[in-house]
Protein chains: 4
Amino acid sequence: MCRWLAYSGTPIPVEEVLFKPAYSLVLQSLHARSSLTTTNGDGFGMGWYGHSGSPRLYRSTNPAWNDRNLRELAAEVESPMFFAHVRSSTGTSVQQTNCHPFRHGKFLFMHNGEISGWAQVKRDLAMAVEPGLFTSIEGTTDSEMMFYLALTFGLEKDVPEAIARMVGLVEKVGKAHGIERPICMTLAIGDGTRIWFFRYASDGKAPTLYFSTDIRELRKLYPDIPRFRTVGDDTRMVVSEPFVDLPGAWQEVPQSSWGVIQEGEDRVHGFAAV
Amino acid sequence: MCRWLAYSGTPIPVEEVLFKPAYSLVLQSLHARSSLTTTNGDGFGMGWYGHSGSPRLYRSTNPAWNDRNLRELAAEVESPMFFAHVRSSTGTSVQQTNCHPFRHGKFLFMHNGEISGWAQVKRDLAMAVEPGLFTSIEGTTDSEMMFYLALTFGLEKDVPEAIARMVGLVEKVGKAHGIERPICMTLAIGDGTRIWFFRYASDGKAPTLYFSTDIRELRKLYPDIPRFRTVGDDTRMVVSEPFVDLPGAWQEVPQSSWGVIQEGEDRVHGFAAV
Amino acid sequence: MCRWLAYSGTPIPVEEVLFKPAYSLVLQSLHARSSLTTTNGDGFGMGWYGHSGSPRLYRSTNPAWNDRNLRELAAEVESPMFFAHVRSSTGTSVQQTNCHPFRHGKFLFMHNGEISGWAQVKRDLAMAVEPGLFTSIEGTTDSEMMFYLALTFGLEKDVPEAIARMVGLVEKVGKAHGIERPICMTLAIGDGTRIWFFRYASDGKAPTLYFSTDIRELRKLYPDIPRFRTVGDDTRMVVSEPFVDLPGAWQEVPQSSWGVIQEGEDRVHGFAAV
Amino acid sequence: MCRWLAYSGTPIPVEEVLFKPAYSLVLQSLHARSSLTTTNGDGFGMGWYGHSGSPRLYRSTNPAWNDRNLRELAAEVESPMFFAHVRSSTGTSVQQTNCHPFRHGKFLFMHNGEISGWAQVKRDLAMAVEPGLFTSIEGTTDSEMMFYLALTFGLEKDVPEAIARMVGLVEKVGKAHGIERPICMTLAIGDGTRIWFFRYASDGKAPTLYFSTDIRELRKLYPDIPRFRTVGDDTRMVVSEPFVDLPGAWQEVPQSSWGVIQEGEDRVHGFAAV
């Protein structure tokens, strides 16, 4: 089980969420609190939308807590949308190409959870990837395969539909191999202007996921926290687990649901495989 | 283009061929002489048959010339059969799972050369791998795919036949994609008692390959070289390029041929795709 | 706080103590039980006396739990004396030259604990190192400095005396800088035939240390454990924390004491700085 | 012998000088042309002045040519002043703390060359470093020691004076140890607004160093090169070797001289040790 966070809003230095909070993502790499696996030391990654609007990646097989370059970048990079992920491998190699987020065109994708029986179902899933995309797969994780299946199913046009079809295929292939609970996941997907998030598991027991309370509410609840005043009304985060203990600051994303962070009101919808 | 060596015979410390010769493999990682690509700094690997007869691996993404652990191991490991490889990537990632040699059961496999148009043919070749083997593929190289195709075609029963069928498939798939010269390769394959080697290219221009002259001949030619007296009559090497300039010490392996190092006399045979 | 183990006796594959026990050292790298710092993921090292009797090292900045080369080596290396160490940095860089064990001539040295106020006292201690040895210091840890100070004070002639003088100097220099508890440590030092171990702290609160019960006793206590019958009477281990829960199998080393594992009877002595 | 470049002027993406030119620094890491050592694969580093004006570092032990994160950052980072360095170790470890540039406060420092007899003189030089600075030394290179000696001699107040005194000490200590040619160097030192560069060797044979011709001249010489029109008049570079073959574009820095890039006219002065 990994841990991740996705940020959208007023550009702030990445370190403000990656290093500074009491239970920051980097501390979660050493000791996660709401996870079965408490150490997430099998590499990490950071993705952000840069000056030109293109997504950039910094991924490493070092544990996040002792990577010096990460500290440098987290102090320097300020972006209106960034993703960060600390990995705990469920078996596949610790290598840069297996670190999240994954990127394709303007899309970033990261995952916590797993496809059960990965060794058994991998080939069938790989065959279902669109041939023109197949060769872009660089690593060996179930997560990257989920991304390429979703791309095959039209992620660039309709994110929730593509994810529903991807999950549907994984459920079907898994069951054909006698796997009882083929998938569990939380996902974040960005395109530079929106972030989609998903929480789902075959058995209804997906890992935790939270989104931040509307910043206008937070200002009322916590008038003394300066950061809440300096970021814009559209600033939002989605996280595997809260990194500060502020009552009212985090809303749990329900099981079997998805949402999107974008201009206008956020909404959370029910999610089902297709 | 990579560089490699394979050794079979009286156990000697690996460092005697890896570090000590005038143009040792580790120096070839810095400056190869008979190769278009002169720097082979994209990782390396060493495989050997250990105490129990099982093949062991040490692979790293560091350049061989500055890896301290390699120096330690090369001084310690003494084996009757070992492989070493310095990599120059033809495009795929520099990661441990892309370093040679590759291993499956008791087999070690390493390659120099490439499958042309790899991005175009990768999927078709992957589909041809036996489903039960597919999931064992860990990296993204053309080389590892060649190994798994050969395993699919019965490498464990008949090495030359399996390689001929693998090359035949690569030729066929490549041509179907309009690729003129689909494959070029030198290969070494070991099973703990024998080493097979191959030199082949679609256009007859495979990279260089040499095997060492019979040690009994070498003793006559060079009576003053102590190492020739201390190793047994069955000691042989196959190398991408000679690492000492001793006239008469190296025999070039002809284009389109293969051989096997084993008890009894060595022979070199013609090779053709099936 | 790090975790370590030292083994002396009948050669066994290193993996038997490094990977296979219920609370093996590699699992301790993920979750130590008797330590304030539970994750020891800032690199690791293994040192052993090889074929020729020389000490060999394999050290890496990866976490031990996900290092593939370590698994290979631990399966292959069988040695009558080996050291292994998983590191949790107390502030100095995660780099190979800061990984334990350290080596000088035939000596191996590893440490758990710290010199308090390291930044303040480092220069004074460095000045005290014998000039001919100074240049061999490769890393930046307090641990390596302790080793070079002990070498300066005659480690190669009298280990307990040299350690007592080293600790005496650290105590003196620390106090001169106003540091209340200048040192805490457990140490293992090997020369290929003996292993010395030390447990000491300025305030009497050194980290835990255990040595294994005499194997002849263990055979009586646990007649059904096959490994106890296949290793010789002189087989011993010293460990930061027990890696199997066998009542009677581990003896705690008292605070302020040292011992030596060698032919004949083991004894534990009181230790004091000189 | 390493290779480096320093840029000052209109912010441009670092990749324009690091990756895109015909003989870019990254290609020099594979095959330098004006150097005895042609491969500079022992790590690299990049330093730049970021949004806040603070110097940032990205340093890695990978060869520059196969580091994916470097490609990402070089595309993203645009800075009015940046340094880049590819390393060929003269013996010290390949580790991040030995990669250039080094940083202290607002200063960046990088070096090509060496202190001869480093093992012999290291201790004497270390003793000369101001005690309050000593503990900030993180690596083991002669280069970093030169930086800390210069800081000891007032680098933050008067760069040329501090470098002259540092070189004077190295010459004196070297000669006291019977070393004939104690030092050879090219240096770049930045503080965010100026870049100082030095070329000096005890025997008058320092490695090559070039600075770029005034951009106003370059526009006249090469009216068709668009980049010359889009950067400001104050844009300058200093490089170990030219990375494009444009006659008139590069001025060799004479032996035993130094210069500074700043507002107003550049001048090159004679340099002598003090």
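Predicted model: local features only at pLDDT ≥ 70, side-chain atom pairs only at ≥ 80, totals over all residues.
Reader: By a turn of how many degrees can chain C be laid on chain A?
Author: The superposition of chain C on chain A leaves an RMSD of 0.0 Å, and the shift along the axis is 0.0 Å. That is the relation of a two-fold axis. The turn is 180 degrees.

Reader: Which residue of chain C comes closest to the rotation axis?
Author: The distance is taken at the C-alpha, and its value for this residue is 3.4 Å. The residue of chain C that comes closest to the axis is C:Asn62.

Reader: Do chains C and A meet through the same surface or through different ones, and why?
Author: The interface residues of chain C can be looked up in chain A, and 100% of them are interface residues there too. The copies therefore meet through the same surface.

Reader: What is the area buried between chain C and chain A?
Author: The size of an interface is often given as the accessible area lost when the parts come together. Here 12 residues of chain C are in contact with 12 residues of chain A. Carbon and sulfur atoms give 45% of the buried area, which is about 900 Å².

Reader: Which three residues of chain C lose the most area to chain A?
Author: Together these three account for 36% of what the side of chain C buries. They are C:Thr39, C:Trp65 and C:Asn66.

Reader: Which three residues supply 34% of the area that chain D buries against chain A?
Author: In this interface, 19 residues of chain D are in contact with 19 residues of chain A. The buried area is about 1,800 Å², with 39% from carbon and sulfur atoms. The share of 34% is more than any other three residues supply, and it comes from D:Arg68, D:Glu72 and D:Glu76.

Reader: Which residue of chain A forms a salt bridge with D:Arg68?
Author: Across the interface of chain D and chain A the rule finds six salt bridges. In the one formed by D:Arg68, the closest N and O atoms are 2.7 Å apart. The partner is A:Glu138.

Reader: Which element gives the largest share of the side of chain D that touches chain A?
Author: There are 12 residue pairs in polar contact between chain D and chain A. Strand E3 (55-60) and helix H3 (68-76) of chain D are the elements that give two or more residues to this side. The largest share, six residues, comes from H3(D).

Reader: Is A:Ile225 buried, partly exposed or exposed?
Author: A:Ile225 sits in the loop between helix H8 (215-221) and helix H9 (226-230) of chain A. The relative accessibility of A:Ile225 is 25%, so the residue counts as partly exposed.

Methods:
Residues numbered from 1 in each chain as written. Chains lettered and ligands numbered in written order. Heavy atoms only, no water. Least-squares fit on C-alpha atoms with pLDDT ≥ 70 in both. Contact = heavy atoms within 4.5 Å. Buried area = accessible area lost by both parts, 1.4 Å probe. Salt bridge = Lys/Arg side-chain N within 4 Å of Asp/Glu carboxyl O. Polar contact = N/O pair within 3.5 Å; in protein donor to acceptor, adjacent residues only side chain to side chain. Helix = DSSP H or I, 4+ residues; strand = E, 2+ residues; numbered from the N terminus. Buried < 20%, exposed > 50% of the residue type's maximum accessible area, 1.4 Å probe, protein only.
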